[in-house]
Amino acid sequence: MSDNNIHKVIIIGSGPAGLTAALYTGRANLKPVVFEGLQPGGQLTITTEVENYPGFEHGIMGPELMDIMRKQAQRFGADCQFSFVDKVDFSSKPFKIYVDSKEYFANSVIIATGASAKLLGLPTEAEYMGFGVSACATCDGFFFKDQRIMVIGGGDTAMEEANYLTKFGKEVTIVHRRDEFRASKIMLDRARKNPKITLMPNTIMEEVLGVNDNGKKIVTGARMKNVETGKTFNMEVEGIFLGIGHKPNTDIFKGQIDLEDNGYIKTSKVNTNTNIPGVFACGDAQDHVYRQAVTAAGSGCMAAIDVERYLESLHE
Ligand code: NDP
């Protein structure tokens with residue numbers, strides 16, 4: 001294999017982490033190749049307005065922000081490809097990355113495959129996503145001032161999101177499919193003590209209700225079912241938040257690099273190193289704590305700088 005066929009760096013994923021890594025490695029003249037994955041632009045492309053990304057005083061639409069990030073990286077030579085990586089082989093160098101069984105080689109790899117919010121899988125949930133249905137309270141809570149909000153889930157995410165959403169909504173109902181909550185006692189107690197929060201156990205959502213007026217979609221409520229009695233009923237709410245957990249998109253790395261028990265990639269506490277020298281990870285694929293666009297972008301920058309140093313060290 002000639003050196004011409006070996007990329008200096010391949011970036012897997014195209015959310016804020018991947019595209020920031022592409023920008024920095026592009027400016028460092030490393031000619032990054034970015035395999036964008038199944039959801040080019042990442043999770044922000046399924047949200048509407050982003051008001052907490054610094055630099056946009058009046059907010060910006062999620063898809064537009066990601067489009068700008070891609071163009072900014074491309075300006076410095078990033079080769080962004082709408083391709084999905086289905087396999088990797090980090091057992092020897094150069095590293096091998098497979099896209100539709102085509103083999104690519106790289107001296108370094110940045111993993112920025114992100115995480116996906118778990119969804120219920122209802123057709124109406126997908127239809128109203130970003131228009132009243134959300135999987136991120138920090139991103140979208142602000143849009144529900146003085147409105148009625150439902151949070152689905154019985155774990156710490158649901159409790160935290162519900163507490164946070166009481167800053168905006170006039171009432172928040174936590175809907176959980178069982179009567180026992182998985183959440184830690186302290187988080188559950190906090191939710192119980194919050195006068196704006198009502199717990200609704202043994203209940204599931206069967207359908208999001210709303211109006212679709214010439215493309216302008218608005219959530220008006222949900223059809224619910226009490227799983228003990230089997231009775232269905234309608235609930236009037238303007239906001240529906242899914243708090244049923246996240247799943248890191250790391251399945252293809254199983255057996256290749258060290259993962260935490262919950263599937264997140266293990267990285268060093270001080271940099272973006274994985275256990276394989278030359279393979280770095282950034283963004284939500286390795287962060288289940290902060291999960292913000294700006295923290296993902298920051299760690300993408302770190303990964304790019306770590307790659308630069310790593311490649312330089314190969315020539316020392
Ligand atoms: P969890 O897996 O702990 O909880 C998910 C919840 O969603 C469960 O109650 C589960 O119900 C419910 N659920 C899952 N799928 C469905 C479905 N299809 N329909 C209805 N309900 C569903 O995920 P979390 O994101 O809450 O927490 C993940 C980890 O992160 C935990 O370790 C948690 O402690 C931690 N965390 C910590 C925080 C903090 O300390 N500030 C904040 C947020 C998370 P069931 O119980 O019936 O399975």
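1. A quick definition to start: a residue is called buried when its relative accessible area is under 20%. Keep that cut-off in mind as you look around this model, which is a predicted one. Phe90 has a relative accessible area of 4%, so Phe90 is buried.

2. Now for the aromatic rings. Searching the whole structure turns up nine aromatic pairs. One of them is Phe90 with Phe253, a stacked pair with 6.3 Å centre to centre and 10 degrees between the planes. The two partners come from distant parts of the chain, 163 residues apart. Phe90 is in the loop between strand 6 (85-89) and strand 7 (95-99), while Phe253 is in the loop between strand 18 (246-248) and strand 19 (279-281). Phe253 counts as buried too, at 0% relative accessibility.

3. Have a look at Phe142 and Phe168 next. Their planes sit at 80 degrees, with the ring centres 6.1 Å apart, so this pair is edge-to-face. Phe142 is in the loop between helix 4 (137-140) and strand 11 (148-152), and Phe168 is in the loop between helix 5 (156-165) and strand 12 (171-175), so the pair ties together parts 26 residues apart in sequence.

4. Finally, check out two charges over rings. The charged end of Arg27 sits over the ring of Phe76, 5.3 Å from the ring centre. Likewise, Lys87 has its charged end over the ring of Tyr98, 4.6 Å from the centre.

Technical notes:
Residues are numbered from 1 along each chain as its sequence is written. This is a predicted model: local features need pLDDT of at least 70, side-chain atom pairs count only at pLDDT 80 or more; totals for chains, interfaces and linings use all residues. Side-chain values use heavy atoms; hydrogens and water are left out. Rings of Phe, Tyr and Trp (its six-membered ring) pair if their centres lie within 6.5 Å; planes under 30 degrees apart count as stacked, over 60 as edge-to-face and the rest as tilted. Helices (H or I, at least four residues) and strands (E, at least two) are DSSP runs, numbered from the N terminus. Buried means under 20% relative accessible area, exposed over 50%, partly exposed in between (1.4 Å probe, protein chains only). A charge sits over a ring if NZ of Lys or CZ of Arg is within 6 Å of the ring centre and within 35 degrees of the ring normal.
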